[in-house]
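Hello,

Here is the structure I promised to pass on. Please open it first, then read my notes below.

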Amino acid sequence: MFSGIYADRFRDLLLRGGVDEKTFEQVRGKMKENNRKTLLVFSYVALCVFPVLLTMTFIVPSLESYRHAYSVGLALTIVIWWLAKFRGEKSELAVKTGMYAFEMMLFMVGIFMGTIMGPNELAATYIAFLLAVPQMFTDRPWRIFLMILIAEIIFIIMAVQYKNPVTTSADVTNCLAFGILSVILAWFSIDNRINRYALEDEIRFLAERDQLTGLMNRHRYQSFIDASESMRSACFYCLYVDANGLHELNDSEGHEAGDLMLRSIADVMLQLFGVDNTYRIGGDEFAAFGRNKNTEELETLVREMKETLESLGYHVAVGLGMKNDGDFELTDIIKRAEMAMYKDKAYYYLTSGKDRRRRMS
């Protein structure tokens with residue numbers, strides 16, 4: 001988890017607009033995956049560059065002394081690529097290890113070129129890396145700032161040891177000034193990325209959630225059907241629910257009373273079937289899906305749902321569609337549940353003495 005003041009900033013951005021803790025963790029996972037993909041891209045580039053540099057040390061005599069450094073860089077890049085490619089998909093630690101190993105490797109290349117390779121020249125390559133490298137990935141700011149500080153200390157030590165005094169003072173001054181600038185740029189870069197992640201997640205949330213009840217909406221319901229048209233399960237069920245008397249309630253007590261009814265139905269369904277399985281698919285219609293419950297268990301859940309809502313003064317019609325084994329079409333299960341719901345609804349109006357035709361007046 002992000003800690004300190006940035007943890008609060010991170011949470012505030014991601015939890016706004018009703019985004020829950022689970023979604024917060026999903027966004028963190030997305031950040032990790034983006035870091036992994038970025039690391040893969042840069043490691044592929046490095047895997048192309050280092051072999052060329054290493055080959056040049058065998059062709060150009062003046063570069064022979066750098067052969068060991070390039071060999072180490074190539075070996076380290078292979079390890080970083082392996083971490084990102086084969087370990088990073090499941091391990092956040094592997095991604096972070098690869099990230100910081102790669103960034104420190106770039107810093108060391110810049111330090112090497114700015115001190116040992118160019119003792120009489122200003123360390124332009126190191127300054128360029130100092131500004132660019134901390135913005136490559138997204139992580140806890142204090143870790144990135146600590147990496148910058150370590151690189152600064154190493155550069156100053158190497159400059160004092162290997163560079164001539166004329167350029168050392170200028171390089172140290174530039175190092176400190178651009179180090180501060182790098183911290184500021186990294187801070188704003190991370191802040192902008194977090195804002196982007198939060199905005200993307202909020203847009204996704206608004207696109208998939210019903211704003212009145214918090215359930216997944218018709219769009220998400222249809223996406224689920226499209227992705228699961230043909231299924232195979234030991235036991236799969238669909239529960240189709242319709243609010244009895246919603247229109248009459250809207251007419252007699254107003255739409256706020258009707259909204260309260262819909263939220264109450266949604267709350268009970270969420271408790272019984274879970275946020276990942278429950279949808280509002282129409283004005284007064286809901287659906288829930290699940291696996292591995294027998295008929296007796298489902299009938300108990302339906303009875304509990306009806307009794308809970310009746311204690312609040314509401315009534316629902318419920319239909320159940322099930323498939324116990326083998327392949328099946330999801331739309332067939334939904335149709336069975338819908339038809340059963342209509343029968344339950346007709347029975348309710350028949351036994352309650354209420355006239356549904358009043359909805360049309």
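Predicted model: local features only at pLDDT ≥ 70, side-chain atom pairs only at ≥ 80, totals over all residues.

**Strands first, then helices**

Strand 3 (residues 278-280) pairs with strand 4 in the antiparallel sense, over three bridges.

Strand 4 (residues 285-291) is mostly covered, with six of its seven residues buried. Strand 4 also runs antiparallel to strand 2 (residues 236-244), and seven bridges join them. Find Leu239 and you will see its bridge partner in strand 4, Ala288.

Now the helices. In helix 5 (residues 124-132), Tyr126, Ile127 and Leu130 are buried. Seen down the axis of helix 5, the buried residues fall within an arc of 100°, so they line one face of the helix.

Next, helix 8 (residues 218-227) and helix 12 (residues 330-352). Their axes come within 9 Å and cross at roughly 130°. That makes helix 8 oblique to helix 12. Helix 8 brings Tyr221, Phe224 and Ile225 to the contact, and helix 12 brings Leu330, Thr331 and Ile334. By class, that contact of helix 8 with helix 12 has five nonpolar residues, one polar and no charged.

Last, helix 9 (residues 246-253) and helix 10 (residues 255-273). Their axes come within 7 Å and cross at roughly 145°. Leu246, Leu249, Asn250 and Glu253 of helix 9 meet His255, Ala257, Gly258, Met261 and Leu262 of helix 10. The contact of helix 9 with helix 10 has five nonpolar, three polar and one charged residues.

Best wishes

Conventions: Residues numbered from 1 in each chain as written. Heavy atoms only, no water. Buried < 20%, exposed > 50% of the residue type's maximum accessible area, 1.4 Å probe, protein only. Helix = DSSP H or I, 4+ residues; strand = E, 2+ residues; numbered from the N terminus. Arc of directions from axis to C-beta. Axes fitted to C-alpha atoms, helices over the stretch in contact; angles between N-to-C directions. Parallel < 35°, antiparallel > 145°, perpendicular 65-115°, else oblique. Contact = heavy atoms within 4.5 Å. Nonpolar A, V, L, I, M, F, W, Y, C, P; charged D, E, K, R; others polar. Pairing = 2+ DSSP bridges.
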